[in-house]
Amino acid sequence: MEETILKLQQVTKVYGNGVVANRDVNVDFQKGEIHSICGENGAGKSTLMKMIFGIEKPSSGTITYKGQQVHFKNSMDAIKAGIGMVHQHFMLIPSFSVVDNIILGDEPKKGVFINKTEAIKKCQQLSDKYNFELDVTQKVSELSVAKRQKVEILKTLYRDAELIILDEPTSVLTPQETEKLFVQLRSFKEQGKTIIFISHKLEEVKQISDRITVLRSGVTKGTYTNEELPIKELTRLIID
């Protein structure tokens with residue numbers, strides 16, 4: 001039997017100006033799956049993820065994580081609970097090193113001081129484990145876009161995230177870099193991590209997903225296994 005790690009029930013988000021971003025969204029995410037959320041720009045994908053990650057608060061409905069209803073005050077609450085998010089626009093400080101970006105806010109201490117040696121060792125081991133090919137002492141400003149994305153992913157792994165949200169992760173990658181990312185995502189899945197993959201690139205959604213949820217105008221149009229949803233039907237659900 002599949003284990004549900006995250007469940008959204010009747011989740012609605014209405015902004016103060018009356019704009020409805022999401023309405024009565026029902027979806028569950030299983031432990032150890034790659035679950036894509038797809039839809040056109042403005043379908044409500046990012047708002048939904050921000051509610052899961054504690055950046056936005058639902059106007060109504062419930063979010064249940066690991067069997068407990070949660071009310072995250074902010075993203076730090078979500079991170080502490082084991083949820084990580086890689087935003088479409090990276091949240092990195094270019095003048096800092098890779099390791100300083102990764103440990104920011106969760107620095108290993110030796111007495112009252114930051115244990116930099118331990119931090120470098122742990123971050124480099126994580127990078128090597130996932131074949132990220134990073135020198136964690138290098139400045140972020142010197143890295144390619146693809147490597148900066150890997151730093152963002154490492155930030156979530158450093159904090160032991162069990163569920164990782166990736167918002168349009170391939171929009172900044174070449175096809176070869178996308179293939180490498182997909183290999184890494186499959187390895188996370190094999191370790192029991194849950195990946196929520198946000199995208200409007202349908203060929204990639206079909207390539208990487210176990211299950212697919214379609215959003216249109218803030219409303220879910222169903223959740224399907226990859227096998228039962230041909231790309232032609234997926235396209236129809238998104239635009240019709």
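Tutor: A strand is a DSSP run of E with at least two residues, and strands are numbered from the N terminus. In this predicted model, Ile-198 lies in strand 10, which covers residues 194–199.

Student: Why is Ile-198 called buried?

Tutor: The relative accessible area of Ile-198 is 0%, and buried means under 20%, so Ile-198 counts as buried.

Student: Which residues does Ile-198 touch, leaving out those up to four places away in sequence?

Tutor: With contact taken as heavy atoms within 4.5 Å, Ile-198 touches Ile-37, Lys-45, Met-49, Ile-165, Leu-166, Asp-167, Glu-168 and Pro-169. One of these, Ile-165, is 33 residues from Ile-198 in sequence, while the C-alpha atoms of the two are 7.6 Å apart in space.

Student: How do you know whether Tyr-130 and Phe-132 are buried or exposed?

Tutor: Tyr-130 has 7% relative accessibility and Phe-132 has 0%; buried means under 20%, so Tyr-130 counts as buried and Phe-132 does too.

Student: What makes the contact between Asp-28 and Arg-211 a salt bridge?

Tutor: The side chains of Asp-28 and Arg-211 meet at 3.2 Å, N to O, and the cut-off is within 4 Å, so the pair counts as a salt bridge. Asp-28 lies in strand 2 and Arg-211 in strand 11, so the pair ties together parts that are 183 residues apart in sequence. Asp-28, Glu-33 and Arg-211 are linked in a network of salt bridges, and Asp-28 is also the bridge partner, in strand 2, of Lys-7.

Student: Why is Asp-28 called partly exposed, whereas Arg-211 counts as buried?

Tutor: Asp-28 has 22% relative accessibility and Arg-211 has 13%; buried means under 20%, and partly exposed lies between that and 50%, so Asp-28 counts as partly exposed and Arg-211 as buried.

Student: How do you know that Glu-133 and Lys-180 form a salt bridge?

Tutor: Their side chains meet at 3.9 Å, N to O, which is within the 4 Å cut-off. Glu-133 lies in the loop between helix 4 and helix 5 and Lys-180 in helix 6, so the pair ties together parts that are 47 residues apart in sequence. Glu-133, at 53% relative accessibility, counts as exposed because exposed means over 50%, whereas Lys-180, at 40%, counts as partly exposed.

Note on methods:
Residues numbered from 1 in each chain as written. Predicted model: local features only at pLDDT ≥ 70, side-chain atom pairs only at ≥ 80, totals over all residues. Heavy atoms only, no water. Buried < 20%, exposed > 50% of the residue type's maximum accessible area, 1.4 Å probe, protein only. Helix = DSSP H or I, 4+ residues; strand = E, 2+ residues; numbered from the N terminus. Pairing = 2+ DSSP bridges.
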